Amino acid sequence: MLKKFAIDYVLNAHHPRGVLTHHTDDPVELEDFLMHLLAARVRVLSIRHDGAEMDRAWFDRLLKIAAERIASTLLRESLALDGAEVKDRFGFAA
């Protein structure tokens, strides 16, 4: 049986050695894994849901959420703020 979500990615965009795929049924794990890929500057090729490639709007939304979670974490840690302050000052969810 297919996992609900699959992320295709390449570790080094300049010297691709093959496409890797991460599978999960958990949407929270999907977001967490996307955060790790973005932080590591890994090339994300596609995200599939139930075997079908996501449309661009959903793909972009998931990456935006992951990027905002990274930004929120960096601001909280770098400025010693709590989640409410980050949301109030910068508009990112805690």
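Contact here means heavy atoms within 4.5 Å. Helices (H or I, at least four residues) and strands (E, at least two) are DSSP runs, numbered from the N terminus. This is a predicted model: local features need pLDDT of at least 70, side-chain atom pairs count only at pLDDT 80 or more, and totals for chains, interfaces and linings use all residues. Residues are numbered from 1 along each chain as its sequence is written, and side-chain values use heavy atoms, without hydrogens or water.

**View 1. The whole fold.** The protein has three helices and four strands. Along the sequence they follow the pattern β-β-α-β-β-α-α. The C-alpha trace spans about 40 × 30 × 20 Å along its principal axes. Of the 94 residues, 31% count as buried (under 20% relative accessible area, 1.4 Å probe, protein chains only). Among contacts between residues at least 6 apart in sequence, 45% join residues at least 24 apart.

**View 2. The contact of α1 with α2.** Which residues of α1 meet α2? They are Val28, Leu30, Glu31, Asp32, Leu34, Met35, Leu38 and Ala39. On the α2 side stand Leu62, Leu63, Ile65, Ala66, Ala67, Arg69 and Ile70. The contact divides into twelve nonpolar residues, no polar and three charged (Ala, Val, Leu, Ile, Met, Phe, Trp, Tyr, Cys and Pro count as nonpolar, Asp, Glu, Lys and Arg as charged, the others, Gly among them, as polar).

**View 3. The geometry of the helix pair.** Two packed helices are described by the angle between their axes and the distance between the axes. Helix α1 (residues 27-39) and helix α2 (residues 56-79) pack at about 70°, with axes 9 Å apart. That makes α1 roughly perpendicular to α2 (65 to 115 degrees). Axes are lines fitted to C-alpha atoms, for helices over the stretch in contact, and angles run from 0 to 180 degrees between N-to-C directions. The crossing of α1 past α2 is right-handed (the near helix is turned clockwise from the far one by less than a right angle).

**View 4. The sheet.** Four strands form an open antiparallel sheet in the order β2-β1-β3-β4. Strands pair if DSSP finds at least two bridges between them. β2 (20-24) and β4 (52-53) each have a single partner strand, so one side of each is left without a neighbour in the sheet. Six bridges join β1 (residues 5-10) to the antiparallel β3 (residues 43-49). Asp8 has Ser46 in β3 as its bridge partner.

**View 5. Helices on the sheet.** α1 packs on the sheet and touches β1, β2 and β3. The direction of α1 makes about 10° with that of β1. α2 also packs on the sheet, touching β1 and β3. The direction of α2 makes about 120° with that of β3.

Note on methods: Angles under 35 degrees count as roughly parallel, over 145 as roughly antiparallel, 65 to 115 as roughly perpendicular and the rest as oblique. Buried means under 20% relative accessible area, exposed over 50%, partly exposed in between (1.4 Å probe, protein chains only).
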